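This report describes selected side-chain and strand contacts. The sequence and structure are shown first.

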Amino acid sequence: MHRNLARPVGIAIIVGLIGVLLTLPLFPSPSTTYFMGLILQVMLFVYLAQAWNLAGGLAGLFSLGHSAYFGIGAYAYAVGVAKYGLPPLACFAIGLFLSAVLAVITGLISTRLSGMFFAMVTLGLNEILLNLASQLTWLTKGDAGTYLRKQFTISFTTAYWVFFGLCIAAFVLMALIRHSKLGTLCVAIKENEAFSRAIGVNTGLWKIVILLISAAMVSIGGGFFAMYQGIVAPTMVFSFSISIKMLIVTMIGGMGTVFGPLAGAVLIVFDELVRAWLGSSFGGVSLVAYGTILVICVLFLPKGIMERLRPASREASS
Amino acid sequence: MTPQIIITLLLNGLFTGAIYGLFASGLTFQLGSLSIANFGYGSWLILAMYTTFFALKIWNVPLAFVVLVLPVIYFAAGYVIRNRLLVGGSLNVQILSTIGIAMIVDGLIILFYSPAPRTLGIIEPLIEIAPGIRIGAIRLTVFILAAVLLVLFQLFLQRSHLGKVIRAVVLEKETAMLMGINSERIIGIAFGISFVLIAISGIMLIHLFPVTTSAGSSYQLMSFLIATIAGLGNMRGAFYAGLAIGVLNAFLLYFAASFVTVVIFSLFVVVLILRSGRTAGMRHI
Amino acid sequence: MKNWIRSVALATAVASLAAPALADDDTFKVGMVTYLTGDWGYPGTSTKRSFEIAAEMKGTVLGKKIEPVIVDAQNPNNQVAEAQRLMAQGIKFYIQGYNLVPVPLARYVVDNGGLMADGTSWFPDLTEEGGYQNYFMFMPSWKDFSKTLVDYSLKFGKDNLGKDPKDLKIALIGNPIMSYVGDEAARILEEKGIPAAIHETYGNDIADFTPLITKMKEANIDIVIPYQLGSDAELYRRQAAGLQETPPILLAAGVGYDQPEFANMGDAALGSMSLSYTVPEMKEASAPGLKEFKERYKAKYGELPVTHGLQTFATAMAFFEMVEKAGSFDIDKVRQTMETIEIPRGQLPNYWGVKFDEKHNNTLANPLIIGQWIPGPDGKPVYKVVYPAELAVADPIIPYFKKH
């Protein structure tokens with residue numbers, strides 16, 4: 001009788017959450033702004049994590065270098081408008097094109113390497129881009145960063161709405177893909193690549209397709225991130241910690257699940273609050289706390305929060 | 001460019017490369033033989049460096065004491081981490097928990113040692129091996145020590161009883177268990193031993209390089225690079241790969257200092273792709 | 001069931017962290033977002049401590065106790081979120097912290113009704129663009145820094161080595177984090193028709209300087225201008241000392257060479273000169289408050305502040321004085337006071353004065369100073385300011401090393 005209870009509860013939570021996110025900006029005050037700022041951070045990483053989840057969670061392409069697409073998107077926009085005076089849309093197009101090139105290369109590599117080796121290659125590709133961004137100073141202005149004048153930036157509130165929209169789009173896209181032929185193929189590839197190939201699935205092609213979608217999402221996110229920050233420096237975007245955050249959020253939430261990245265966002269909130277609470281008085285304590293909570297999560301929820309919620313609802317129904 | 005310069009660059013590359021080889025070998029052992037992807041490797045390495053610095057400079061402990069005690073503590077830490085936190089975890093679980101542990105280690109370093117960069121500040125005496133060709137004495141020592149250590153480690157794995165048991169567990173965990181070997185305990189011990197390698201590398205590194213709180217990530221990346229090029233688990237390969245990277249590094253620094261990392265990492269990607277057929281399941285120890 | 005207990009425990013833990021600090025209106029709160037952890041925790045920590053000492057030394061402003069509220073940025077992407085948190089507590093006034101990419105923070109603060117006194121960053125992006133009326137840059141730009149670096153190098157080449165600028169062989173080496181300083185110096189040299197003999201920006205993870213040292217030796221370099229940070233500077237000097245390769249003149253672009261830790265390597269530190277903003281080692285008599293600042297810092301933390309610490313201290317002291325002059329905590333009044341006030345050179349703990357131009361650049365943010373590591377009474381290296389004359393405490397030794 002309670003078999004489907006989890007579903008309505010889940011829907012209610014989502015609707016409530018969207019409601020809160022929509023109404024929060026209607027009550028402007030400094031503390032609302034703080035919460036919106038916190039939510040913006042969360043939305044940014046939930047969006048990126050969802051993009052990572054498409055390739056990493058669904059298709060098992062365990063990338064440690066997704067920040068490469070983020071950086072390409074951010075730099076395409078920043079360098080495009082600031083150095084070459086291109087219209088923003090053209091910059092996004094360039095970012096998407098370059099990310100697509102990298103995604104195809106990475107996809108081709110994934111047909112030859114898997115697991116740890118694939119992860120290491122993606123890490124290496126990101127490292128190459130990080131170094132190029134800081135060494136090709138004629139293009140990027142190196143570590144001083146590419147500065148964006150006010151007309152090329154968006155305000156905090158605009159950024160809030162942009163990432164709100166991107167998040168909704170990402171979840172819809174994930175839900176659609178998850179239940180489409182592409183999603184089924186990806187899961188098949190993840191579960192048993194050799195078998196998928198044996199029954200005639202062109203695994204290389206589908207891996208590239210899912211990577212392209214994932215890369216495009218991250219690249220767009222990078223472009224808007226640049227707009228919002230108003231400056232792009234190599235370590236802000238091509239950073240290992242950004243790649244890691246994408247996968248941490250996904251894994252804590254539940255790999256390959258539609259709402260995993262949303263559940264995993266708890267961790268970002270926790271990180272933010274710990275730093276706020278302890279950061280200034282004891283330098284290292286926030287790191288220790290964050291690390292501890294990560295280890296605890298892994299020990300008790302090795303397959304993610306979503307995995308825990310599901311059996312619980314099944315227990316309730318029996 | 002004179003022959004002296006070429007030889008100087010070559011030797012320097014070899015010696016610096018030996019250090020790379022040494023600190024990468026522990027990771028290689030973990031990755032290949034124990035199938036543990038340790039993302040906290042760099043953090044543990046700099047913890048050893050900071051601790052050695054404090055022991056020698058602040059607490060005035062003799063080096064011999066550090067060399068005896070630190071590896072023992074590291075062994076215990078490695079054993080506990082493996083058998084309490086990493087038991088039976090998938091790649092994902094390992095990555096997350098080792099990152100978590102790395103954060104804790106980094107945080108503790110900042111808390112107890114402060115984020116100030118530290119150095120033993122030793123000016124390396126030079127040895128003139130041929131007219132116009134001088135090499136650093138510490139580097140030479142480290143080179144020899146690293147080579148000896150890795151050979152000893154190989155011998156230990158090949159000849160000693162414990163070494164044989166470790167290899168048996170690595171090759172056939174289930175069979176080893178059927179033979180009455182407590183596999184989990186053995187893997188814990190092996191992981192502890194790899195931590196001993198980290199401790200020793202750290203003690204050596206601080207004699208040559210300054211340590212900062214951000215140094216861990218570059219050591220980590222370099223270790224991953226060397227370990228994957230060599231083939232996971234191939235410790236002898238890691239030493240040679242370290243040497244090769246050291247030499248390449250030296251010549252690149254001379255000719256195109258700006259693009260050392262770009263070239264080395266591009267090469268890394270190409271090498272990995274080219275030998276992809278041979279990397280899977282590679283386990284020689 | 002167990003799962004539920006766990007989730008509830010976790011939720012409680014998270015919720016308890018969220019409890020906001022109670023507001024206290026009896027104090028004058030001044031915010032700072034700075035690196036305390038992460039890769040730049042060290043200079044950030046010195047910045048934090050110096051700000052706290054400034055608040056402690058000044059005590060009150062307009063009868064209200066100064067309360068510094070300092071938070072950890074950890075990395076560039078967290079700055080704005082941290083600033084929002086401080087703004088939610090009603091904090092309007094900010095002193096810039098030590099941030100590698102300081103622009104997003106400064107822009108957010110001044111775009112959202114705050115005011116920022118920036119005494120640590122040398123990126124003039126906001127003042128060049130204009131329109132940020134509540135942003136005040138106490139520092140000179142890095143372009144001025146590069147220009148001064150070249151000017152002094154050529155002067156030393158002429159006065160001390162007796163060489164015409166055209167005959168000087170100059171090497172610029174450094175890491176990417178500081179490459180804009182090196183690139184700008186190279187550009188100025190090129191413009192003067194004296195292109196740098198060697199100009200190399202190596203990677204951040206460099207472990208061996210022997211190839212670069214060999215290359216400079218081969219090129220017979222007169223002046224080395226390193227743009228480095230603490231750890232690569234230390235490694236470079238130490239390896240160069242080991243190889244007994246010391247250029248006649250080494251004039252560093254600050255940062256790596258003016259920190260107390262540089263002395264740890266002993267003799268290898270000797271001879272190096274460094275261009276800096278102002279450093280705690282300059283003549284105490286010329287800078288009122290400097291001595292007390294150093295003493296308090298030393299007593300509290302057992303070490304001396306670094307240059308960013310002194311800059312922060314001086315900026316904070318100047319800012320407190322300006323608020324006092326404004327006679328009000330009203331942000332517009334404070335801005336108007338800051339726009340018109342003039343603190344003559346030599347009245348601040350970092351010797352500089354304050355007079356903002358219409359773009360809010362500090363026109364009295366000079367002179368830059370040069371220090372040199374020379375043997376102290378016990379033979380150990382000590383850092384002494386040698387230029388300009390009014391701040392110098394020792395005579396420079398140039399060239400420190402004779403060419404082989």
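## Charges over aromatic rings

In this predicted model, A:Lys245 lies over the face of A:Phe45, at 4.6 Å from the ring centre. A further case is found in chain C, where the charged end of C:Arg237 sits over the ring of C:Tyr236, 5.2 Å from its centre.

## Aromatic pairs

Over all chains, the structure holds 55 aromatic pairs. One of them joins B:Phe39 and B:Phe224: the ring centres are 5.0 Å apart and the planes stand at 50 degrees, so the pair is tilted. B:Phe39 lies in the loop between helix 1 (3-33) and helix 2 (41-58) of chain B, and B:Phe224 belongs to helix 9 (residues 215-230) of chain B, so the pair ties together parts that are 185 residues apart in sequence. Both B:Phe39 and B:Phe224 are buried.

In chain C, the ring centres of C:Trp122 and C:Phe145 are 5.0 Å apart; their planes lie at 65 degrees, so the pair is edge-to-face. This pair links distant parts of the chain, 23 residues apart: C:Trp122 is in the loop between strand 5 (115-118) and helix 5 (125-129) of chain C, and C:Phe145 is in helix 6 (residues 142-159) of chain C. C:Trp122 is buried, with a relative accessible area of 6%, and C:Phe145 is buried at 3% relative accessibility. One aromatic cluster includes C:Trp122 and C:Phe145, together with C:Phe123, C:Trp142, C:Tyr180, C:Tyr277 and C:Trp352.

## A hairpin in chain B

Strand 1 (residues 126-130) and strand 2 (residues 133-136) of chain B pair in the antiparallel sense over 4 bridges. B:Ile127 has B:Ile135 in strand 2 of chain B as its bridge partner. The hairpin has 2 residues between the strands, and B:Gly132 takes a positive phi near 85 degrees.

Conventions:
Residues are numbered from 1 along each chain as its sequence is written. Chains are lettered from A and ligands numbered from 1 in the order in which they are written. This is a predicted model: local features need pLDDT of at least 70, side-chain atom pairs count only at pLDDT 80 or more; totals for chains, interfaces and linings use all residues. Side-chain values use heavy atoms; hydrogens and water are left out. Two strands pair if DSSP finds at least two bridges between them. Rings of Phe, Tyr and Trp (its six-membered ring) pair if their centres lie within 6.5 Å; planes under 30 degrees apart count as stacked, over 60 as edge-to-face and the rest as tilted. Buried means under 20% relative accessible area, exposed over 50%, partly exposed in between (1.4 Å probe, protein chains only). A charge sits over a ring if NZ of Lys or CZ of Arg is within 6 Å of the ring centre and within 35 degrees of the ring normal.
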